[in-house]
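Thank you all for making the time. Before I say anything, please take a look at what is on the screen.

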Amino acid sequence: MVRVISLIYGLYLLLPIALLLVGSFGGNWTNTLLPTGVTGQWYLDLWLDTSFRKAFASSLVVAMSACAINTVLALPLAYALYHGAQRGGSLAARIVSATPVAVPTITLAFGYMIVFNTDLAPWLGSMPLLIAAHAILTLPYLTNTLLTDLRHLDLG
């Protein structure tokens, strides 16, 4: 019974994605269950748009840079927090675990806007700030995952 419910729930989650994928190759999709015609014109139009290509490249740079920064920072941080928790200093590990919940994304965004939109630090919207903001936002998630793995596998 659990497998049937899991299968139904999985289909429920995947069906909108599948419909979007099918619709993205459709020529026309009005008043029909499925789109009519097959085309790749939408993707060609999107790729020929220079503003899309620029945004896509910027997004890749931000994502890859944030991943690289988090890879360098999260593993040593998780390792140090794991050993600190074993010696009775688990407060730091709990703070890192609670950070994504305690400090919502919108709070971070407003904080960045206030701090980095001044005459002393006019970096709002700059690539280094975007990379740093994404790295700061995602670091607790990776650190928390690594901490859980270290605890589960009893590594260290």
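Is Phe-25 buried, partly exposed or exposed? Phe-25 is partly exposed, because its relative accessible area is 39%, where buried means under 20%, exposed over 50% and partly exposed in between, with a 1.4 Å probe and protein chains only. A word on the basis: this is a predicted model, in which local features need pLDDT of at least 70 and side-chain atom pairs count only at pLDDT 80 or more, while totals for chains, interfaces and linings use all residues. Residues are numbered from 1 along each chain as its sequence is written, and side-chain values use heavy atoms, with hydrogens and water left out.

Let me stay with the rings, which pair if their centres lie within 6.5 Å, counting as stacked with planes under 30 degrees apart, as edge-to-face over 60 and as tilted for the rest, for Phe, Tyr and the six-membered ring of Trp. Five aromatic pairs turn up in the whole structure. In one of them, Tyr-9 and Tyr-12 are stacked, at 6.3 Å centre to centre and 25° between the planes, and both residues are exposed. Phe-25 pairs with Tyr-43 in a tilted arrangement, 5.1 Å centre to centre with 40° between the planes. Phe-25 lies in the loop between α1 and β1 and Tyr-43 in helix α2 (residues 41-48), so this pair ties together parts that are 18 residues apart in sequence; helices here are DSSP runs of H or I with at least four residues, and strands are E runs of at least two, numbered from the N terminus. Tyr-43, at 39% relative accessibility, is likewise partly exposed. Finally, ring pairs link Trp-47, Phe-52 and Phe-56 into a cluster.
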